[in-house]
Amino acid sequence: MTTQFGAALAEALPRLRRYAIALVGDIATADDLVQDCLERAWKNRDTLRDETAIFAWLRTILHNANIDRVRLRRHRPNEAESLDTISETIAAGMTGDGPSVSMDVVRAMNQLSIEHRQILLLIGLEGVSYREAADELGVPIGTVMSRLARARERLRALLEDGA
């Protein structure tokens, strides 16, 4: 199981990193977050019930690690990388059939709250269902739907203001 689990982690790593970068808007922080996520996953590998759902399981761990990071970081200044570097990294991780990422979208996403960014990434980028998003975030499905509506509205407003 350990060899299969390690291979599954390695396969999920590029997608997990891209997701983390989009979530936190900072490459160095995202890399630290992914590392923390992988460490937690390895330590708790026996709790994975369905190996086919490993990416959803890793995203849940990543979200929890991010919540811990945000709580700890409230007292320290944020040293984010430039938006140019971030958007290039996100775009480089996208395949030809995936959505394109523009600087305007990256800037707008970085202005959203973490809750709004998470829901847009889960449903918009990862394509998970409302139910899966609710389960991963530990909130009712109605909360997912309302957050998504508010996040889309806020993102649209930010993009229109920047146009």
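Residues 24 or more positions apart account for 67% of the contacts in the chain with a separation of 6 or more, where contact means heavy atoms within 4.5 Å. This is a predicted model, in which local features need pLDDT of at least 70 and side-chain atom pairs count only at pLDDT 80 or more, while totals for chains, interfaces and linings use all residues. Residues are numbered from 1 along each chain as its sequence is written, and side-chain values use heavy atoms, with hydrogens and water left out.

**The chain as a whole**
- The secondary structure comes to 8 helices and 0 strands, these being DSSP runs numbered from the N terminus (H or I and at least four residues for helices, E and at least two for strands).
- Buried residues make up 37% of the 163 residues in the chain, and buried means under 20% relative accessible area, with exposed over 50% and partly exposed in between (1.4 Å probe, protein chains only).

**The largest nonpolar core**
- A nonpolar core is a set of buried Ala, Val, Leu, Ile, Met, Phe, Trp, Tyr and Cys residues joined through side-chain atoms within 4.5 Å, and of the 42 residues in the largest one, W57, L58, L62 and I119 touch the most other members.
- Two or more residues are given to this core by each of α1 (2-24), α2 (27-43), α3 (54-73), α5 (103-111), α6, α7 and α8, and the largest share, 10 residues, comes from α1.
- Leaving aside its neighbours within four places in sequence, L62 is in contact with L16, Y19, A20, L23, L33, V34 and C37.

**Helices α6 and α7**
- In α6 (residues 114-125), the residues H116, R117, Q118, I119, L120, L121, L122 and I123 are buried, and just after this helix G127 takes a positive phi of about 70 degrees.
- The buried residues of α7 (residues 130-137) are A133, A134, E136 and L137.
- Seen down the axis of α7, these buried residues fall within an arc of 165 degrees, so they line one face of the helix; the arc is that of the directions from the helix axis to the C-beta atoms.
- Just after α7, G138 takes a positive phi of about 70 degrees.

**Around M145**
- M145 is placed in helix α8 (residues 141-162) and counts as partly exposed because its relative accessibility is 42%.
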